[in-house]
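Here is a short report for a reader new to this structure. Please look over the sequence and the 3D view before reading on.

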Amino acid sequence: TADFDTLGAAVGLARLLPGSKIVLTGGAHPTVKDFLALYRDEYPTIERRAVEPATIRSLSVVDVQQRHRLGKAAEWLDLPDLQSIIVYDHHFGQARDISATQVHIEPVGATTTIIVEQLQQAQISLTTAEATVMALGIHVDTGSLRFEMSTARDALALAWLMQQGANLAAINEYVEPGLSPQLQQLLQ
């Protein structure tokens, strides 16, 4: 299932590759589902069942390196007219069984960081919604830069996303969703 790093990386990649669509092949974590319930229209997402495999010419896979993690969409990797497969991941040292034409696997805290660096190189500006989901991806996968695998690259990517207008209130709401004041009172 997609976490915020998966979604954030996919959103950034959709900006790098105009016209591409985001397909969450195995669904999404509950907090990601809640987030998408409010913001889905901000991103070029489509359902897997709406994809016409015969029209696919390239695939970009984010935050995963194994075919089985793509669910039924793994069969797209074997399409006869597929011209390129690009893999982006931060899980350094894992066995990869996706035969890719390009691979971007780097030892950073979040896959989104790799995509942010490419957006910066291409000088692509983001909307607030794009910057917010990408910042969520880095925050969640790095524990807001507290996890050991967090790097200076992750911190620089977050700083740039803040410059792009990432919504800190939304980030705070989804990074560690807590109980509402009403539920806290009820719990007491």
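How many residues does helix α4 have, and how far does α4 reach from its first C-alpha to its last?

## Helix α4

This is a predicted model. Helix α4 covers residues 128–142 and has 15 residues. From first C-alpha to last, α4 reaches 21 Å. That is close to the 21 Å expected at 1.5 Å a residue.

Helix α4 is mostly covered. Of its 15 residues, 13 are buried. Gly143 follows α4. The phi of Gly143 is positive, near 60°.

## The sheet

Now to the strands. Three of them form an open sheet in the order β1-β2-β3, and the pairing is parallel. Two strands sit at the edges: β1 (58–62) and β3 (102–105). Each edge strand pairs on one side only. From one strand to the next, the twist averages 10°.

Strands of a sheet pair through backbone hydrogen bonds, in either a parallel or an antiparallel way. Here β1 and β2 (residues 84–89) run parallel and are joined by five bridges. Leu59 stands opposite Ile85 of β2. On the other pairing, four bridges link β2 and β3, again in the parallel sense. There Val87 stands opposite Val103 of β3.

## Strand β2

Why is β2 described as largely enclosed by the rest of the structure? Six of the six residues of β2 are buried, so the strand is largely enclosed.

Which strands does helix α1 touch? Helix α1 (residues 4–16) packs on the sheet and touches β1 and β2. The direction of α1 makes about 145° with that of β1.

Helix α3 spans residues 111–121. This helix lies across β1, β2 and β3. Relative to β2, α3 runs at about 115°.

How values were computed
Residues numbered from 1 in each chain as written. Predicted model: local features only at pLDDT ≥ 70, side-chain atom pairs only at ≥ 80, totals over all residues. Heavy atoms only, no water. Expected span 1.5 Å × (residues − 1). Buried < 20%, exposed > 50% of the residue type's maximum accessible area, 1.4 Å probe, protein only. Pairing = 2+ DSSP bridges. Axes fitted to C-alpha atoms, helices over the stretch in contact; angles between N-to-C directions. Contact = heavy atoms within 4.5 Å.
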